[in-house]
Amino acid sequence: MTGHLSFPRQHARTQRFTLGAPRAFSVSPDGARVVFLRSRHGTDRANLLWVLDVAQGREYPAADPAVLLGGAGEELSAEERARRERSREGAAGVVGYATDGAVELAAFALSGRLFVAELRAGTTRELSPAAGHGPVVDPRPSPDGRHVAYAAGGTLYVVGSDGAADRALAEPEGRDVTYGLAEFIAAEEMDRSRGFWWSPNSDALLVARVDESPVRRWWIADPANPDREPTEVAYPAAGTPNAVVTLALIGLDGTRTEVTWDHGRFPYLARVHWSADGPPLLLVQARDQRTQRYLTVDTATGETRTVHADEDDAWLDLFPGVPAWTPDGRLVRIADEAGARVLMVGDQRLTSDALHVRAVLDIGERDVLFSAAPGDGAGLPRVPGEIGVYRAWFRAGGDRPGAGPLPNVPGGCEPIALSADPAVTSAVRGGDVLVLPSLGLAEPGVRVTVVRADDERAPADWERLTEIASHAERPVLTAAPRLVFAGERNIPCAVLLPTGYASGDGPLPVLMDPYGGPHGQRVLAAHNAYLTSQWFADQGFAVIVADGRGTPGRSPGWEKAIRHEVAAVTLQDQVDALHALADRFPLDLGRVAIRGWSYGGLLAGLAGLRRPDVFHAAIVGAPVTDQRLYDTHYTERYLGHPDEQPEVYARNSLVTDEGLVEAAEPARPMMIIHGLADDNVVVAHTLRLSSALLAAGRPHEVVPLSGVTHMTPQEQVAENLLLLQVDFLRRSLGLPGGDDVAGGPTTEGSAA
């Protein structure tokens, strides 16, 4: 039962209602099995590895961490903690797995131990690496299922799937070198979490070698425990050296061939793809990310050849699922062409500006399955925030069977939607079976439908085989966002009013609740995206979530409008959205606050310091305050190199060595929140901001979170943070009940 819980407690206990929800799907090539992760209920952190027998519609667990560990708690290595932090993984148990080509065998690590699961039988056994290897990280079976490769202690090992012949394939030459692991920048900013890739013949691997010796060292201490040594972190801050990443082709027979390309010009190894449909394929980027090369690898010599080159005056984005090959050997990529983000197969453009392509999901014999949002060429969609699944045929004469191409979408693109309602949908395919996870506005949580595709019928008429149940808890409140476009630029917005609000109740104090920056789309056609915003609304606010320029999902021009002007552009769009919505909703513009985390924290700080004429209070969570202290790949993409353009870094920061940047009067109340263990946005950002505010005589509050990283998974911390924020907002805006927040602060833990 959850009805007695306050929303803050339920929200924290369920890890934002993600626990118990199925995720991480794999489908066997014959469509017989669907593999996925899910915990037993909505407050259980430990994921089990599950298998769905499609023909029988029966689910069974293949791996239960409670059984495998004999009831003992998990022990996480430093490498595993880092991997989970980079992926923002807050769950426990089996948090990731990899399968062989037939999806018969799965491998995963648990408490640093190596396990394999026979998926048909639903049985799991431990493989015991030799003593001294260290905790296992990222195990992956070979395509034929006969071997498992894994990283441990910076070494890449391979072992037979029967546990025999465990041996090292690549060993580090020094303490700063690792094999088979993704470096910080790749995992944090490139969405590349892997460091090795099997050959399709299962006889060799491409292995990343990472040398962190050039990277400057930072030390993260735990002030609450002064007896503990600080943690050393290799952090590549903007303008400083990166890790040196190279690639080697290593055979199971011990042979080694170095892969060569122009590392000086293209130091970033962004993507690696190796399938039976072509030679190994690399995507490498220049440091300024304005040029990149698609390279094929000669497996006999290690030499590379350019098969495609991209250039962009602003920057080049990276996308999930590409580059890759079609079965007939054509390059699949996503590109910005003539103001649109399009799907390309070879030289063939498969989509128009009616779609904004986001990711490639699967490549079939004659079609590509991909996700996309409505593009600018389609005009404004029904509501902001829709993301759909589509497929495009690339074979000659391969239009949608039984019909011609859809209007304004060349190449026979077809939407795959089981409902006409706005939603955020993805897909995983194996054979003719598709798993379609969908988040909608009408109902909380995810709905996962398993269907059988039929090219002779429209997707809405495909056979629905079963649904994979979600055990996530149902929220104790219901979000009711109004999704609208605001202002001359049609800024996507969600507006939430208190539950039961009536038109005669008068204007409401306003809380802007954005992320508002790159990679972080907040305005989505999905109910659970607005639960926290609705809770704030129910405390007596009109809450606005606005996705201005720089946020993803609309057009390349929209995303790249922030080049060198991140601060000014994103802040102006928050102001413009607020003022445009004041004509349509009951907003009290004399009482406006803003809250945000990470980039949203920077945005909140900008609002409180630079636009006190608009914003009257700010909650600044884990903010980047000095752009020179954030990492290379992210910061240099938008602001260039700090040595070349120091003035760009200064005007896009809240503080510099000289103090506050562009701090206007009057001073507004500000609460700054930061985890002391954050290794992504380090607490130095908040300490420098607080020092500058103090030097300028500006009152503010700082909430330090001991032992907390960039995430806040701890239950009491996450709960009380919400309660403290509402209390601050009420005090700062002069609202009644500043110390009487609904579901008031708990005594089981504190936020600081």
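Before I come to any particular residue, let me say that strands here are DSSP runs of at least two residues marked E, numbered from the N terminus, and that two of them are taken to pair if DSSP finds at least two bridges between them. With that in hand, we can look at Tyr-390, which stands opposite Pro-415 in strand S32. Please keep in mind throughout that what you see above is a predicted model.

Let me place that residue pair in its surroundings. Strand S31, which covers residues 388-393, pairs with S32 in the antiparallel sense, and the pairing runs over 3 bridges. Both strands belong to an open sheet of 4 strands, ordered S29-S30-S31-S32, in which the pairing is antiparallel. Strand S29, at 355-363, and strand S32, at 414-416, stand at the edges of this sheet, and each has a single partner strand, so one side of each is left without a neighbour in the sheet. On average, and with direction ignored, neighbouring strands of this sheet are turned by 35 degrees against each other.

Staying with this sheet, I would like to turn to Ser-371, which has its place in strand S30, residues 367-374. Is Ser-371 buried or exposed? Its relative accessibility is 7%, and because buried means under 20%, Ser-371 counts as buried. Leaving aside residues up to four places away in sequence, Ser-371 touches His-356, Val-357, Arg-358, Ala-359 and Leu-361, and also Ile-387, Gly-388 and Val-389.

S10 pairs with strand S11, residues 147-152, in the antiparallel sense over 3 bridges, and within S11 the bridge partner of Pro-141 is Val-148.

Finally, a word on confidence. The protein averages a pLDDT of 92, and 95% of the residues score at least 70. Which stretches, then, call for care in reading? Over residues 397-411 the pLDDT stays under 50, although the model has 30 contacts for them beyond four places in sequence. Over residues 741-752 the pLDDT is likewise below 50, and this stretch has 32 contacts in the model beyond near neighbours in sequence.

Note on methods:
Residues numbered from 1 in each chain as written. Predicted model: local features only at pLDDT ≥ 70, side-chain atom pairs only at ≥ 80, totals over all residues. Heavy atoms only, no water. Axes fitted to C-alpha atoms, helices over the stretch in contact; angles between N-to-C directions. pLDDT = per-residue confidence, 0-100. Contact = heavy atoms within 4.5 Å. Buried < 20%, exposed > 50% of the residue type's maximum accessible area, 1.4 Å probe, protein only.
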